[in-house]
Amino acid sequence: MERHEQQKQSPSPTQILRRAAGLLTTQGKPVRAFQDAFKPQCDTPAPECSQRDSTDSGLRRSLSNRLSKVRAGPVVRAISLRSPSNNTQIRKRHGRALSESLPHTSNIYSLTEHPEPTQTSSPISLDTVATPQPLVQQHSFQTIVRKASMADVPVPELLQHGVPMTKVSPGSQRSYIFRLDADQGQIIWESKKLRIIPIENIKELRFGSDARYYRQQFQLAREYEDRWITIIYILDGQYKTLHLIASSKDSFQLWDITLRKLHAIRQELMIGLGNEEMRHAVWVRQCWKSTEHQNDQKLSFDEVERLCKRLNINSSQDDLKRLFKQADSKRSGFLDFIDFQKFVKLLKARPELDLLYKKLSSKNGGRFTFTVFEAFMRDCQKSSLAQEELRTIFLRYAKKYESKAGSTPGSPSLPSSPSDGCGDVTMSLDAFTAFLLSSDNSAFTDQHGKIYQDMTQPLCHYFISSSHNTYLVGHQLVGDSTIEGYIRALLHGCRSVELDIYDGDNEPMVFHGKTLTSKVPVREVCEAISKYAFVTSPYPIIISAEVHCSVAQQDMLVAIMHEVFGEALVSAPIGEHPKIDKLPSPEELKGRVLLKAKNLYVSERERIRTKDVVVDTESSSTETSASDLDIGHEVKEELRRAKTQNIEAIKELKEEFRKARNVFNRVRGHHQVPEKSVTTALVGAATATSTAIAEQPVKSDKQGTKVKMSAALVALLVYTVGVKCRGINKKEHYAPEHMFSLSETTANKIMKQGMVDLIKHNKDHLVRIYPKGLRLNSTNYLPHRYWAAGAQLVALNWQTFDLGYMINHAMFQRNGRAGYILKPEALRLPDKGALALRTVHYLDVTIISAQSLPRPKDSMGREVIDRNIVDPYVEVSIYTPDWAYFSCSSSSSGSSSPSVSSGSSGSGTTRAITARTSSVKNNGFNPVWQESLRLTFECAANLLDLVFVRFTVLRDGENESEPIAVYCVNLASLAMGYRHLPLHDSQLCQYLFSTLFVKCSLQDA
């Protein structure tokens, strides 16, 4: 035993050589890539510098000690450490921890000075990866995310040249060389193809224990946890994950610290506007790095011309030569980096801003004083800021750029009026441009990110960000169930998540019942919720649970929730239920977790009974007791609609539901189901998850359709008690804590029959709306239709980035992204008269110009270079609910504005008003339109909070392709006047450098 311990403590020469792989040259000296690790670099103040010196010296000592052990040994050019075991056996034994299944496998290392990335793709044993003690100090999160320029994040040469790391995927583990390119903002490695992850596409970084879930999923030993890196990112419109194991703890720490800092900078730039200097510096370095100057660090005119074509700039050769000569200060015929910066500034000149600046300053003899600025902010920008606040903003930008730009050329040196408090200060064109591009002039009025609404009203007075089938990250029938769906939703401010819970072998499991979706333990889901619930918002989480398990596993579910959530879980004493007069507020429930589950035998007169009470075994996809006949009618209607639109749609629908029929057959079990018509198969698939009728007698556990409800589970239903919708009329009464769920189909019927009654009910009670069961591809309706009825929890499929998701995202960007939005007064106050108010409005939009429109990228994340220069145009759309149901005497909306269309069944009844500009030929970089559009729309009860505006930049002639960029905003949050809109891709990731310059004005008709 002692001998074994000694062997563990003193590594063998072979182990030492493995650790030194890639660190030494053939002469036993450190490779060039490690030089930065031995050179102290610090440009920070003394306290931070001393801390960093301590960190760096620790790392240098660690590396030096390791290298000295190897240098004393014989020089080896290549060491063969092949394992006699077969690679196919490795894959077969993946079910066990790799520390057991791969005890002696290794990789072939070549101790060369410059390892070639393309040659490092052979299987690697995780046991050969070194496990030195961590010597790099852990930086605090505050240090990592502090504001910084690119110069503040020196990327070690080791990471620039590349380090070997093990890429873990199902069934295989391979070693590749991973590089970090800070200027291009990319993680790069090469397997069969060159792989790229843009840093701005990274949604989350998880290091060490934060990624434990994935390590356990791969059944890897715990010893790899402190070197584990998981990167979650979006590429080609899909969420993807990259799992890595660093070769050493030192390498892990380098990646951890450096990547977090670079990611924090990119994330800061992707939150609206602001940081224009940093944004410009990043863009310039990215352009410089992407050019073909190679190692000479200078650009010829031909190289500059090729760069401009790649950036979609189609200027004439004469114009480019003129700008090139202006930037070539040394008259050398080449541009170094400083000259290149001058060239870029000339290239990005904004003549439209120059014209606006001169127009405003001409009112004051050519001087842009505070008086001019205040008039501009009041009259044009509709600012409500006090004069002192405006003066502070004016001086901030005017003085910052005073030393850089001086007075405007040709402007007279007349003193400003002493009464404005700004002396002789004027604002230069550069200062005015910086202001227009800053967060002080944001198009989004909630850009400050603060929670400003009253959070002390009852829960039913708020719209609550909600998710449907949160555990799914794909298809409703065959998708994967994972905790990742909960993490994504919670980090984006979701406050209500859904669990479908069934009996498991050992403990309850979460999955979509009677389908082929995978399963995830309810404990893991609860742990993920507990960890991420209050990261982005302090306000309560509502867990909407469909409980289909036995009483024993219900008790187990309750025990797990108590264990994981602790005191945060809202509960009542078993057997008791307090009388509730009104629902508590989000402020009162801060940091709390509420459970909502169904109980059929609850009414206002008949309180919860803890004996012989049953749980409805319905599925959330058909939660209201819709009959099979209704579902069949819905299916037939879908087919009829598809047939009238396109014969291809029928084929696609048939194929989709052929899969559903197969699922139905497999789930039903052990007998053959005869071949059916497509429509019958659809009904079968739908009814497989249809509701159990409440009036049926309670059956035994053995029969399986109904199960008794645990008293412990009942005790968790306090403020969110699920009940069956018995109708909304004067005869039916619901306690304040009673809430029901409606499918979009049922909700549409109720709204058609009595919209005002539903609005009245929702003023005192919570109601949840969810997508209909036929949305197998996880598409979404447009949620503002149901918000208009006062429904609080309008649940969406968060894994699908469609228009419905975009509108939901725009709504909950407000109020500090807290996930709770106070409903408009007409939807929460008792006055019925407000609902009858109808108004007509004009939204006047001038599309002025766009800046740095993005290039298209392929599925690997690389820019498509050889694509023709685009002819962009802008489409502006307004989306409103159909106000027709707001009163008995509904008036039809006039066909106003350029194009008016009603929503299809896929989106519910909504209205879209659309107008577009002409296209700008051959300019996909900085097109200028200067076109005015007017969109006329109707609004009921002054509910501008439920009107949404989408700006879409498109390619002319490619109507079916993905848009170049989009921006969607709630009209009540859209600031008027001259604004730069931050543009996003179709997954709502903000482009770092792309903006749309517009002027907006809202008027009453």
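Author: One term before we start: two strands pair if DSSP finds at least two bridges between them. Also keep in mind that this is a predicted model.

Reader: Good. Which residue stands opposite S544 in strand 15?
Author: K596 does. Strand 14 and strand 15 (residues 593-598) pair in the parallel sense.

Reader: Over how many bridges do strand 14 and strand 15 pair?
Author: Over 4 bridges.

Reader: And what about strand 11 with strand 14, parallel or antiparallel?
Author: Parallel, over 6 bridges. Strand 11 covers residues 496-502. I501 stands opposite V547 of strand 14 there.

Reader: How many residues of strand 14 are buried?
Author: 7 of the 7, over residues 541-547, so strand 14 is largely enclosed by the rest of the structure.

Reader: Which residues go on which side of strand 14?
Author: I541, I543, A545 and V547 are on one side. I542, S544 and E546 are on the other. Both faces are covered, and these residues are all buried. In a regular strand the side chains alternate between the two faces of the sheet.

Reader: Which strands form a hairpin?
Author: Strand 5 and strand 6 form one, with 3 residues between them. Strand 5 is residues 186-190, strand 6 is residues 194-198, and the two pair in the antiparallel sense over 5 bridges. The bridge partner of I188 in strand 6 is I196.

Reader: Now aromatics. How many aromatic pairs does the count come to?
Author: 26 aromatic pairs. Take F368 and F432: their ring centres are 5.0 Å apart and their planes lie at 45°, so the pair is tilted.

Reader: Why tilted?
Author: Planes under 30 degrees apart count as stacked and over 60 as edge-to-face, with the rest tilted. The planes of F368 and F432 are at 45°, so the pair counts as tilted.

Reader: Where do F368 and F432 sit in the chain?
Author: In distant parts, 64 residues apart. F368 is in the loop between helix 15 (351-361) and helix 16 (370-380). F432 is in helix 19 (residues 429-436).

Reader: Are those two buried or exposed?
Author: F368 and F432 are both buried. They also belong to one aromatic cluster with Y357, F376, Y978 and F997.

Reader: What about A431, buried or exposed?
Author: A431 is buried, with a relative accessible area of 0%. A431 is in helix 19.

Reader: Which charged residue lies over the face of Y239?
Author: R488, at 3.8 Å from the ring centre. Another case is K519, whose charged end sits over the ring of F511, 4.7 Å from its centre.

Reader: Cavities next. How many of 30 Å³ or more?
Author: The count comes to 10. The largest cavity holds about 140 Å³ of space.

Reader: What lines the largest cavity?
Author: 16 residues do. G485, R488, A489, W798 and Q799 lie nearest its centre. Helix 20 (residues 484-491) gives the largest share of the lining, 3 residues. The lining divides into 7 nonpolar, 8 polar and 1 charged.

Reader: Last topic, backbone. What is the phi of R331?
Author: About 55°, positive although R331 is not a glycine. Most residues other than glycine have a negative phi. R331 lies in the loop between helix 13 (317-327) and helix 14 (337-347). R331 is exposed, with a relative accessible area of 65%.

Reader: And where is A941?
Author: In the loop between strand 27 (928-940) and strand 28 (948-955). Phi of A941 is also positive, near 55°. A941 is buried, at a relative accessible area of 9%.

Methods. Residues are numbered from 1 along each chain as its sequence is written. This is a predicted model: local features need pLDDT of at least 70, side-chain atom pairs count only at pLDDT 80 or more; totals for chains, interfaces and linings use all residues. Side-chain values use heavy atoms; hydrogens and water are left out. Rings of Phe, Tyr and Trp (its six-membered ring) pair if their centres lie within 6.5 Å; planes under 30 degrees apart count as stacked, over 60 as edge-to-face and the rest as tilted. Buried means under 20% relative accessible area, exposed over 50%, partly exposed in between (1.4 Å probe, protein chains only). A charge sits over a ring if NZ of Lys or CZ of Arg is within 6 Å of the ring centre and within 35 degrees of the ring normal. On a 1 Å grid over the protein atoms alone, a cavity is a set of points where a 1.4 Å probe fits but cannot get out, and a pocket is an open set with protein on both sides within 12 Å along at least five of seven lines; lining residues have an atom within 4 Å of a point. Grid points are joined across faces, edges and corners, and a volume is the space filled by probe spheres set on the points. Ala, Val, Leu, Ile, Met, Phe, Trp, Tyr, Cys and Pro count as nonpolar, Asp, Glu, Lys and Arg as charged, and the others, Gly among them, as polar.
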